[in-house]
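Open the model in your viewer and keep the selection tool at hand. This tour goes stop by stop.

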Amino acid sequence: MRQTMEALLFEGIVEAERKEGRWLFAGRTAQGREVGYSCEAAEKRSFGRIKIAPGSIRREGEATPGLHVLLEEVILNREAGEKAASFIAELLETLAKDAQARQSEPEEIPPADRHYEALESHMRDGHRYHPSYKSRLGFSLADNGAYGPEFDRDVPLHWAAVDRRLVDVSCAEGRAPEELAGRHLSERDRSRFERVLRDAGHPDKNYVFVPVHPWQMEHVLPSVFAPQLASKDIVPLGASERPYRAQQSIRTLASRHDASASYIKLALSIVNTSTSRILAQHTTNNAPRISEWLDRIVQGDELLRRERFEILREWLGLSFRYGELPPVQHRLAYGTLGAICRENVSAHLTDREEAWPLNALSLVQRNGRPFIAEAIGRYGVEAWSEALIRVLTVPIVHLLCAHGIALESHAQNIILVLEDGWPTRIIVKDLHDGVRYVEDKLLRPEWAPALAPEPETHRKFNRYSFLRTESVSEVRDYTYDAFFFICMTDLCLALEPFGLSEASFWRRTAEAIESYQQAYPQYRERFELFDLFAADALVEEMTKRRLHGDGALYFRSPPNPLRAARDGLS
């Protein structure tokens, strides 16, 4: 309820009057009568984000209302958005699946799980701004219990043999597609799959092994690809014998058998936090190209090498070729059969280093103890936060300002590397559709990758999903939104209970940016081009997008805490 109301109030969907320490807003009953609501809330220095005090939402004449009543009276009966009913359905699915996950939540993360792979399963809070942070539309509760990362179940990896002429393969230079099966299939798997192909396949076809999520194999392939299954263009092979662990993105699996094997990101036809989790063909095609481009930049940049900044390269992309399907099948099938292989974080760590998902820093365990309490207790919040802010900010800002490249750098896409609990550097991931740039504004435009374009249908249904643009402000705002508005604000609010004020956090962040800029005067014009201290920077209104659909873009320009900190405003 709080997370939903915080977004509704921040985006101006619900208007509130502030009176005697409470925020007052109105609902409407099914009979059309206005009913008063109130809550204790604060408008934070961090972009004006709204934070509601726990247990403070009240309905006229009663204590805390139920979520169903709140959604009906505050959204459905008042909000004219064409997607209001489906948005409410997402919220209720989130409530059910979050409650289900909380039942298995341990009092405290056990010591054996304080490593990156296991920590991914403990990130129960999801997106802290997006109200429908765990909707997973398409999953039943049984599916959620089987495949949701919070339950830490063994997830089987299924495979399909697909006629090679129907598979689009994109592989990084120096790598071979056969490495995927070689690393993830045992000898018994390969022998069994070959027997299945001899018995059920077509002798004249040359097949490629494509990994498939078990839910996708059960719920999507049999109906969507019925003609290809009948013609033996696709042959289900069953599950390989080694178990996997679902990462917090749900559709990315990590091997439990081989701790250094590549992660496998799979097409999954569910909707979570506003987005369908399919894998569009152009993204699988572009994944290795983008990784090779970014890696070339990182390896050739003195500052990024000194900061020991790294990326988890995506070295293989596989996709069904949908182009020749009849239109009706194309609409159903697009993006539903494919995979991306991503480097394992262990390949980038020394023996002294440990890695955390960055959103672990905002995690409060079931016993009420913040996950970061031990590290802050050891070093003190002032020193620890200063190191954290610098480690995060400098490489992200340098990529934006010096190179003209914005990353979708929210906390789920950043891995924090520490030594003895001290932040030392970051690694970023999920790059195939998580970058944005203006080609002629790149520092090295001649290095720009030759990308497969987004089809018009893709842009139609998700207008905010694109890599190249003609607008410098769109590049800047991609970083401003994901990194500062979402990621850094969440960290700021997580550090506040330890005694670090919002003003101090943003002052340190502004100082880190200014110190970097002073050290690189040769980029002065580019700092102005990608001005992070501007008053006109935009953030996406995600809740309006859920209420009104993806046919339009919804943005607002909140107060910029970086600008206020630089100008010394209180």
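Is Glu-353 buried or exposed? Select Glu-353 and look: this residue is buried, with a relative accessible area of 8%. Keep in mind that the model is predicted.

**Stop 1: the partner of Glu-353**

Arg-308 and Glu-353 form a salt bridge, with their closest N and O atoms 3.1 Å apart. Arg-308 is partly exposed, at a relative accessible area of 36%.

**Stop 2: a network**

Next, select Asp-98, Arg-102, Glu-105, Asp-125, Arg-128, Lys-134, Arg-136 and Glu-150. Salt bridges with shared partners join these residues into one network. Across the whole structure, a search finds 53 salt bridges.

**Stop 3: helix H3**

Go to helix H3, residues 84–102. Pick Glu-90 there, then Arg-546 in helix H20 (residues 542–548). Their side chains meet in a salt bridge, 2.3 Å from N to O. The pair links distant parts of the chain, 456 residues apart. Glu-90 is buried, at 2% relative accessibility. Arg-546 is buried too, with a relative accessible area of 13%.

Stay on helix H3 and select Lys-97 and Glu-93. They are four residues apart, about one turn of the helix. Their side chains form a salt bridge of 2.7 Å, N to O. Lys-97 is buried, with a relative accessible area of 1%. Glu-93 counts as partly exposed, at 31%.

**Stop 4: the nonpolar cores**

Which residues touch the most other members of the largest nonpolar core? Select Met-5, Trp-293, Trp-356, Trp-384, Leu-407, Phe-484 and Tyr-516. The core has 110 residues. Helix H17 (residues 472–495) gives the most to this core, with 13 residues. A separate core of 50 residues includes Ala-160, Phe-209, Ala-246 and Tyr-322.

Now zoom in on Leu-407. Leaving out residues up to four places away in sequence, its contacts include Leu-294, Phe-309, Ile-396, Val-428, Tyr-478 and Ala-482.

**Last stop: an annotated span**

Terms used:
Residues are numbered from 1 along each chain as its sequence is written. This is a predicted model: local features need pLDDT of at least 70, side-chain atom pairs count only at pLDDT 80 or more; totals for chains, interfaces and linings use all residues. Side-chain values use heavy atoms; hydrogens and water are left out. A nonpolar core is a set of buried Ala, Val, Leu, Ile, Met, Phe, Trp, Tyr and Cys residues joined through side-chain atoms within 4.5 Å. Buried means under 20% relative accessible area, exposed over 50%, partly exposed in between (1.4 Å probe, protein chains only). Helices (H or I, at least four residues) and strands (E, at least two) are DSSP runs, numbered from the N terminus. Contact means heavy atoms within 4.5 Å. A salt bridge is a side-chain nitrogen of Lys or Arg within 4 Å of a carboxyl oxygen of Asp or Glu.
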